[in-house]
Amino acid sequence: MSVTASPPSVRSFTLSRSPRGIPRFRMTVRSSVVSVAPILTKLQKECATPLPVLRHVADAMAADMRAGLAVDGGSDLQMILSYVDSLPTGNEKGLFYALDLGGTNFRVLRVQLGGKDERVVATEFDQVSIPQELMFGTSEELFDFIASGLAKFAKKEGGKYHLPRGRKREIGFTFSFPVKQTSVDSGILIKWTKGFAVSGTAGKDVVACLNEAMQRQGLDMQVSALVNDTVGTLAGARYWDDDVMVAVILGTGTNACYVECVDAIPKLKGHNSTSGRTIINTEWGAFSNGLPLTQFDREMDAESINPGEQIFEKTISGMYLGEIVRRVLVKMAEAGDLFGESVPEKLSTPFVLRTPDICAMQQDNSQDLVDVESILYDVVGLKSNLNARKIVLEVCDTIVKRGGRLAGAGIVGILQKMEEESKGLIYGKRTVVAMDGGLYEHFSQYRSYLQDAVTELLGSEISKNVVIEHTKDGSGIGAALLAASNSKYEHDF
Ligand code: ADP
Ligand code: MG
């Protein structure tokens, strides 16, 4: 930002240049307002992600992956073994189910697979909300409720679905809570999160809990695969496209998984994979090395329920982008009279400004920024003039740009690690990164910053081979497909 000399008390300055070097806007402001200018300049400087910073982050991601694969606890990244060694091929046939438990709803899905030619013959799904009292009840009560939901769903089968005689229905179970996976169809719950406080499950195998509840219901179903939601996304996308090697979720939180060679996993002892490959759930939200952070990030982290944890997630994911912007605006409101004399109470409320609000403000194409004006007033109680609105947009852009570009650098870190393992097999041919999550899906500006960083890091030639593809809700069908590829029965696909 350049501040030009002009008469005292009124100054003119230019905010950020567009790529073509044409100033986006000029503004004339009273001197009292100028006091926010240094805050913005400092923010932009500290959040900057030029190529060397991106490169450092990608390299650190690759190094942390390596350290996490060497021994448990070797780095910020847990690099969890999924025990998923065989990915869908497209030849899967038969009737399979998926159950997704990850929040206040659970979803069930039924899919009839018809093999290479017919593919997905039919699907149906249902969603059931979990009564509040069950989130605080016993393990048996919760799993009985889920099993009875499954039983109702199984009863409503139409003529399109066929289960061979003498077989149980097989389920892929997506369970989005921290689990120590022990095999493809078992895993110990470490702790409940997201508001669940169910007694008697921690330390137990969640698959056994569900299987026992289904038995109590007299239901002929069993779990064939326990699946993390990123792993489900990878499997779902791989079914349609053999080049999918990585899956990333960018929603409220963030995570990524990828296909790794078993030879590159020193901590994997005594596990035989016939394919020589297995999916690793990176839990990359915990990454923290070399990230460009500000006072606002540090304060948000310190006041969070998990200080010092999930730093990458707190910098790039949907839950936090709006909150970081809010914290900058509080500081600006305190510093100058940009938004009037006092800091509105609403603005002081943590998490009132949400990432979709930031997205809506950035999409305002009107001359007077009328949407920005109404969002600022309605959501955080700020009265703004046009200049103030422009400054707010600069703040939003700074935080969104840093988030999108760092997410892109993280993806390149994963690709780089895979390429080092198998020269030419990633960069030398088409490689697909499957993306899911509301942030990636709805926030086009974030998406384009992410893509920019990937292209800058890989260069124009290699980046032609790397395709980032949005796959919506692939994880449900992915879990059903993993139940098929890990079926307990003989199969010929
Ligand atoms: P979850 O991650 O909780 O499973 P989603 O993948 O649906 O859920 O992502 C929801 C998140 O996506 C929201 O918390 C929000 O941060 C982000 N999001 C949703 N809609 C938008 C939007 N219009 N613009 C920007 N971000 C959005
Ligand atoms: Mg999700």
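Two strands pair if DSSP finds at least two bridges between them. Strands themselves are DSSP runs of E of at least two residues, and helices are runs of H or I of at least four, both numbered from the N terminus. The model is predicted, and its local features need pLDDT of at least 70, while side-chain atom pairs count only at pLDDT 80 or more. Residues are numbered from 1 along each chain as its sequence is written.

Strand S12 (residues 244-250) pairs with strand S15 (residues 431-436) in the parallel sense over 5 bridges. In this pair, Val248 stands opposite Met435 of S15. Both strands belong to an open sheet of 6 strands with mixed pairing, in the order S4-S14-S13-S12-S15-S16. Strands S4 (80-81) and S16 (466-470) are at the edges with a single partner strand each, so one side of each has no neighbour in the sheet.

The protein chain is divided into domain 1 (36-80 + 241-473) and domain 2 (83-227), with bounds that come from an automatic or database domain assignment. Their contact (heavy atoms within 4.5 Å) takes 9 residues from domain 1 and 5 residues from domain 2.

The area buried between the two domains is about 670 Å², and carbon and sulfur atoms give 46% of it. Buried area is the accessible area (1.4 Å probe) that two parts lose on being put together, summed over both. Ile80, His271 and Ile279 supply 46% of the area that domain 1 buries against domain 2, more than any other three residues. Strand S14 (residues 277-281) gives the most to the side of domain 1 that touches domain 2, with 3 residues.

Terms used. Chains lettered and ligands numbered in written order. Heavy atoms only, no water.
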